[in-house]
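Dear colleague,

I am handing over the structure below, and after it you will find some notes on what turned up in it. Please keep it open while you read.

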Amino acid sequence: MLAPRLTPISLGFSVLLSTSFACAVTVLPETSIRAEADEDDPRVRETDTATRTATSVRYVPQAIDSVKTESLRSYGTNDLGQALSGIPNVSSGADTRFDSLRIRGFDASNDFYLDGIRDDSQYVRDLHNIERIEVLKGPAAVLYGRGGQGGIVNRVSKLPTPGQKSSIEAQGGSNDLRSLYADLSTDPTDTISLRLNMGNQDNKSFRDGVSGNRQLFAPSMSWQLTPELNWLVQYEYSRYNRTPDRGIPGVNGRPADVSRSTTYFDSGDYIDDKSQSLRSKLAYELNANWQLRHTLGVFKLDSDFDNTYQTGYDPKTNTVSRQHWQQDLTTRNVFNNLELEGGFDTFGLEHRLLTGIELGSQRRDPKLYSARDGKTVPSLDLNQPNRRLSHTGSMRLSSNNHTEVESRALYVQDQLRLNDQWQLLGGLRYDRFEVDTTSKLLNTQQDVKSHSTSPRVGLVWTPLEHHSFYASWSKTFTPAGGGLIGITPNAAGSVNDLSPELTKQKEIGVKSDWLDDRLSTTLAIYELELYNRRTSDPLDRTITLLTGEQRSRGVELTVTGKIVDNWYVRGGVGVQDAKVEKDNNGFEGKRISDVAKRNASLFITWKPEMGWYAETGLTLVGDRYADNLNTVVLAGYGRWDALAGFRQKEWDVRAALNNIADKNYYASATSAAQIQPGEPRSVVVTGTYSF
């Protein structure tokens, strides 16, 4: 039997591509096309994150991991760090300020996307309107532009689809967790489908004085304007008002030996994030083989915080030193994307061509205040902190910047089927990036212009029907001011070469299907290298040298699918060595913070079509460092979770027990003075009614 061909065919595009890929439709087994029919199968068989075309995961020459949020909500999980904690070689570096991840040892805090649109602002994202989370491993600049050194995270939202059921979900649990969410769908006409996700969540915490409130309102519409033209419109308003908790400090190379409920912030501290996202996608079928798409994304963030946080520990007085900050931040992002996708043949070779233009405009206005006199921020006793000893002095305006970013890009990609066994993926993108920051406080201004070309090439060989071997090479770039957008005008280190940092990856692997296509595995081996890394000249710290180097080497294995009958499995294991190879500032040879050499997860689910069901799983994370100087170690840990439930046609009731063994562990760190304890044993009960 011929091996399945590389094709972006999905149910939604089968008519569109039927002419060009008529042979492929007859070759692909029916089970491959309808693999998503089993809603309990943890696999995502088809993705457009990796290629921006609907492509079988098997034929993407790069590792990609997907997590369905339905698998997470039952445990009360509503943040990215916890959601991805078991993904091989992915780790969280977040605190309560904003989402932060490392992928394959590289910072991905500004490599978030929502439905393929850049979402690089500093806030905590809500997962209740998200269908699944996809993690594309390795450089992704060929399709997404700057950043993405270790990979990108794309949240795929819930879409309005004809015939979609509605549901109401109520949840309660430990630490006064209470939430009520509705997922409502209707089809007012044969050509219009509507969907609305909305709800509210309140919770406290095992941490003293910590609480939060979330609100979500997310309507969407799919309108088939004509047989050729579809318009998808999505809006999301999310608000998260919470207590900023920076964890506990490190003492003598380890997290402080204090109760995991101990906190050091002021009683009046708060963070209030209000985000809005509007996305429009017009898809026009030019003919049976070609489609033209226009995507518009507008994002706005208003964030205010008042935060007292730890800066260190004094062993002489056994006290924790602190600083007090206030920030008013507004962010506005606009991205326009025009793509042409189509299929054609040349000399018996089948092409799936994608070409696109992207225009981006970003504005960021952070106004930052700090305590005028650090002595007015009282230090607190390590073991018995009195949080009523709050900052009493005046605040001073320490920064008031306005940053504008303009980006333009042109890219092309070809998915080429050479024959029944060989498939080639090639892509190239050219970016121009300009960042302009004005300091209103100092009346200074500086702009930096960068440009770069990002290539990607991958080869897939399918010698056996259910096993595809692949190899790929890709490169990405990180311009000055392109991460947390903005630069410090005319600051030390900003007066000479600010060329982009560059990252390249080599990866080989094999993707396989087993047990009559019920179980899928991916084995990947990679080397990821950041060069042109910015370091300071040891003889003159005002001079920046592009001589640093950071490298990560690793192996990953994931397994997802159905074992037998009603038994499912999802999990994986990652082993990596991520460290600084060259540096002038004391980091050479150091391991990257928040990156474990080993991590793994394994969840086993028994889920008949109706009636009782159950799941249990382990998440394992090895030793990590809290800081890049490797002075504080976070011990490795294992967390055991389980749930049991009962479902009928309309009702689904389940109870989850997190951290069954009540393991004392540390989830992440942002510095040696700010370490986040993991959640102790907790219970979450969820009830869902579908109609």
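In what order do the three strands of the open sheet stand, and is their pairing parallel or antiparallel? The order is E4-E5-E6 and the pairing is antiparallel, where strands (E, at least two residues) are DSSP runs numbered from the N terminus, and two of them pair if DSSP finds at least two bridges between them. Strand E4 (90-92) and strand E6 (106-107) stand at the edges with a single partner strand each, so one side of each has no neighbour in the sheet. Strand E5 (residues 101-103) is joined to E6 by two bridges, and Ile-103 stands opposite Phe-106 in E6.

Please note that this is a predicted model, in which local features need pLDDT of at least 70 and side-chain atom pairs count only at pLDDT 80 or more, while totals for chains, interfaces and linings use all residues. Residues are numbered from 1 along each chain as its sequence is written, and side-chain values use heavy atoms, with hydrogens and water left out.

Strand E3 (residues 64-68) has four of its five residues buried, so the rest of the structure largely encloses it; buried means under 20% relative accessible area, exposed over 50%, and partly exposed in between (1.4 Å probe, protein chains only). Five bridges join E3 to strand E9 (residues 130-137), and the two run antiparallel, with Val-67 opposite Ile-133 in E9.

Finally, Thr-521 is found in strand E28 (residues 519-537) and counts as buried at 16% relative accessibility. Thr-521 and Val-559 are 38 residues apart in sequence, yet 4.4 Å apart in space, C-alpha to C-alpha.

Best wishes
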